[in-house]
Amino acid sequence: MLRRALVAGLSLAVLVLPVADAPRAAEPRVVEIVARRFQFTPNVVTIGKDEAVVLRVRSEDVTHGFFQRELGINTTIEPGKVTEVALTPHGPGRYSIICHHFCGAGHGNMKMTVVVE
Ligand SMILES: [Cu+2]
């Protein structure tokens with residue numbers, strides 16, 4: 001009797017378990033960024049601490065740089081391509097991303113800010 005109840009209980013468990021939702025990793029939030037002489041739009045992006053985001057950056061004119069040491073960002077943005085930068089910042093702060101690829105006279109002021117809070 002006990003054995004039968006146990007078997008019935010196990011069958012029930014086997015039937016019920018697959019119905020339960022397994023926890024899924026959250027999809028990263030996608031932020032679209034446009035680079036053009038001499039600005040990034042938007043020029044401020046706010047991210048939660050430990051939030052996974054993907055910055056999808058494209059250029060509307062020439063090749064630009066995209067550099068931020070603490071966040072480990074160091075890439076170039078080629079016109080006609082979308083460059084994806086995955087980011088999960090662990091510490092709060094304000095991080096300035098600069099264009100580090102010379103793109104013209106206003107190049108030195110081409111930057112944007114990632115705020116992590
Ligand atoms: Cu630039």
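Residues are numbered from 1 along each chain, following the sequence as written. Because the model is predicted, local features need pLDDT of at least 70 and side-chain atom pairs count only at pLDDT 80 or more, while totals for chains, interfaces and linings use all residues. The pLDDT is the predictor's confidence in each residue, on a scale from 0 to 100. For the protein chain the mean pLDDT is 86, with 79% of the residues at 70 or more. Residues 5-19 are a stretch to treat with care: the pLDDT there is below 50, and beyond near neighbours in sequence the stretch has zero contacts in the model. Two residues are in contact if their C-beta atoms, placed from the backbone, lie within 7 Å. Where pLDDT is low, the predicted coordinates should not be read in detail.

Helices (H or I, at least four residues) and strands (E, at least two) are DSSP runs, numbered from the N terminus. Of the contacts between residues at least 6 apart in sequence, 61% join residues at least 24 apart.

Four of the strands form an open sheet in the order β2-β1-β4-β7, and its pairing is mixed. At the edges stand β2 and β7, each with a single partner strand, so one side of each has no neighbour in the sheet. On average, neighbouring strands here are turned by 25 degrees against each other, direction ignored; the axes behind such angles are lines fitted to C-alpha atoms, for helices over the stretch in contact, and angles run from 0 to 180 degrees between N-to-C directions. Two strands pair if DSSP finds at least two bridges between them. Strands β1 and β2 are antiparallel and share three bridges, and Arg36 has Gln39 in β2 as its bridge partner.

Strand β9 has partners of its own. Four bridges link it in the parallel sense to β3, where Val44 lies opposite Thr113 of β9. Six bridges join β9 to the antiparallel strand β8 (residues 93-98), and here Tyr95 lies opposite Val114. A residue is buried if 20 or more other C-beta atoms, placed from the backbone, lie within 10 Å of its own, exposed if 12 or fewer, and partly exposed in between. Of the 117 residues in the chain, 17% count as buried.

The largest nonpolar core has 14 residues, and those with the most contacts inside it are Ile33, Ala35, Leu55, Val57, Phe66 and Val85. Such a core is a set of buried Ala, Val, Leu, Ile, Met, Phe, Trp, Tyr and Cys residues joined through C-beta atoms within 7 Å. Two or more residues come from each of β1 (29-36), β4 (53-59), β7 (82-87) and β9 (111-116), with β9 giving the most, three residues. Leaving aside neighbours within four places in sequence, Ala35 is in contact with Phe40, Val57, Ser59, His64 and Ile77.

Finally, the backbone geometry. Most residues other than glycine have a negative phi, and most peptide bonds are trans. The bond from Arg37 to Phe38 is cis, with omega near -5 degrees, and Phe38 sits in the loop between β1 and β2 (39-41). Thr41 and Pro42 are also joined by a cis peptide bond, with omega about -5 degrees; Pro42 belongs to the loop between β2 and β3 (44-47). Asp50, though not a glycine, has a positive phi of about 70 degrees and lies in the loop between β3 and β4. Asp50 counts as exposed because it has 10 C-beta neighbours inside 10 Å.
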